[in-house]
Amino acid sequence: MSDMSPTEHWYAYGDENGNGPWNEDVEPEYEVGYCQNCYTQLPLQQALRGALFCSEKCKQTANTIRYARATIKDGRYNDPLVRQAIEIRIALILGGGYPEKDRKLSPKQRETIFIRDNHTCRLCGKPATDIDHINGSSSNPSNLQALCKECNSAKAIANFRPATPEESKEGEAIWERINAEQPMQLCDNEDRWVEIYKEIMQENREWANSWWPYHIS
């Protein structure tokens, strides 16, 4: 039992008050000052900024789970391209997460590349929909190219390596959260999260402010 995660323990035994997954009307609770994905306590500086997750990887994990659950609910998951996009997201998470901040492009940068490449995929010639970083995260125009979604996905998959046993276990846990009948964690809830995340951010700030004076050297 000591090897159980908090989520696994909840589903197996519930809590000391008798609450558990068998209480269908009970929403997963959140703890102030902790990562909403992995339950690691947040550093005070992160909590002061209202952070909800301890890392970009945890943030991307929660975002991907909510997105996947939403696509299952509204039927988009039946589209092979949507399923593939989810699988790619999860593979990137298992590899440490997608360097979103480093690769973020402004609308002007994106349009410049689309115009330069004549809105045409540079690999197959179809209409381009995505901007790809050719190698690494440099946003120099020489490292950017317009691709169609199919070619961009195929390029990402071609660069993947086999998952380690630990990564495979992590991936299985993510899929379990995606396919659960009820959200296993509050940050998995594609409907409830948008209503409550600002409240958690504010409570994190208040929690950190209550402790901050004691940590000034």
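Q: Why is Glu 190 called buried?
A: This is a predicted model, and the value is computed from it. Glu 190 has a relative accessible area of 18%. Buried means under 20%. So Glu 190 is buried.

Q: What makes Glu 190 and Arg 69 a salt bridge?
A: Their side chains meet with N and O at 3.1 Å. The limit is 4 Å, between a side-chain nitrogen of Lys or Arg and a carboxyl oxygen of Asp or Glu. The pair therefore counts as a salt bridge.

Q: Why can such side chains pair at all?
A: Opposite charges can pair when the charged atoms come close.

Q: Which parts of the chain does the pair of Glu 190 and Arg 69 tie together?
A: Glu 190 lies in the loop between helix 8 and helix 9, while Arg 69 is in helix 3. These parts are 121 residues apart in sequence, so the pair ties them together.

Q: Is Arg 69 buried or exposed?
A: Its relative accessibility is 8%. Buried means under 20%, so Arg 69 counts as buried.

Q: Which residues does Arg 69 touch, leaving out those up to four places away in sequence?
A: Among them are Arg 177, Ile 178, Glu 181, Pro 183 and Asp 188. Take Pro 183: the C-alpha atoms of Arg 69 and Pro 183 are separated by 8.9 Å. Along the chain, these two residues are 114 apart.

Q: How do you know that Lys 57 and Glu 170 form a salt bridge?
A: The closest N and O atoms are 3.1 Å apart. The cut-off is 4 Å. The pair therefore passes. Lys 57 sits in helix 3 and Glu 170 in helix 8, 113 residues apart.

Q: Why is Lys 57 called partly exposed?
A: Its relative accessible area is 25%.

Q: What makes Asp 74 and Arg 76 a salt bridge?
A: The side chains meet at 2.8 Å, N to O. That is within 4 Å. As for accessibility, Asp 74 is at 45% and counts as partly exposed. Arg 76, with 37%, is partly exposed.

Q: Which residues do salt bridges with shared partners join into one network?
A: Arg 69, Lys 73, Glu 190 and Asp 191. The whole structure has 12 salt bridges.

Q: What makes a set of residues a nonpolar core?
A: Its members are buried nonpolar residues joined through side-chain atoms within 4.5 Å. The largest such core here has 16 residues. Phe 53, Leu 186, Trp 193, Ile 196 and Ile 200 touch the most other members. Helix 9 gives the largest share, five residues. Another core, of nine residues, lies apart from it and includes Ile 65 and Val 82.

Q: How many residues line the largest pocket, and which are closest to its centre?
A: There are 43, and the closest to the centre are Ile 88, Arg 89, Leu 92, Tyr 98 and Ala 156. The pocket has a volume of about 1,600 Å³. Helix 4 supplies the largest share of the lining, nine residues.

Q: How do the lining residues of the largest pocket divide?
A: They divide into 18 nonpolar, 14 polar and 11 charged. Arg 89 is in the lining, and Arg counts as charged. Ile 88 lines the pocket as well, and Ile counts as nonpolar.

Methods:
Residues are numbered from 1 along each chain as its sequence is written. This is a predicted model: local features need pLDDT of at least 70, side-chain atom pairs count only at pLDDT 80 or more; totals for chains, interfaces and linings use all residues. Side-chain values use heavy atoms; hydrogens and water are left out. On a 1 Å grid over the protein atoms alone, a cavity is a set of points where a 1.4 Å probe fits but cannot get out, and a pocket is an open set with protein on both sides within 12 Å along at least five of seven lines; lining residues have an atom within 4 Å of a point. Grid points are joined across faces, edges and corners, and a volume is the space filled by probe spheres set on the points. Helices (H or I, at least four residues) and strands (E, at least two) are DSSP runs, numbered from the N terminus. Buried means under 20% relative accessible area, exposed over 50%, partly exposed in between (1.4 Å probe, protein chains only). Contact means heavy atoms within 4.5 Å.
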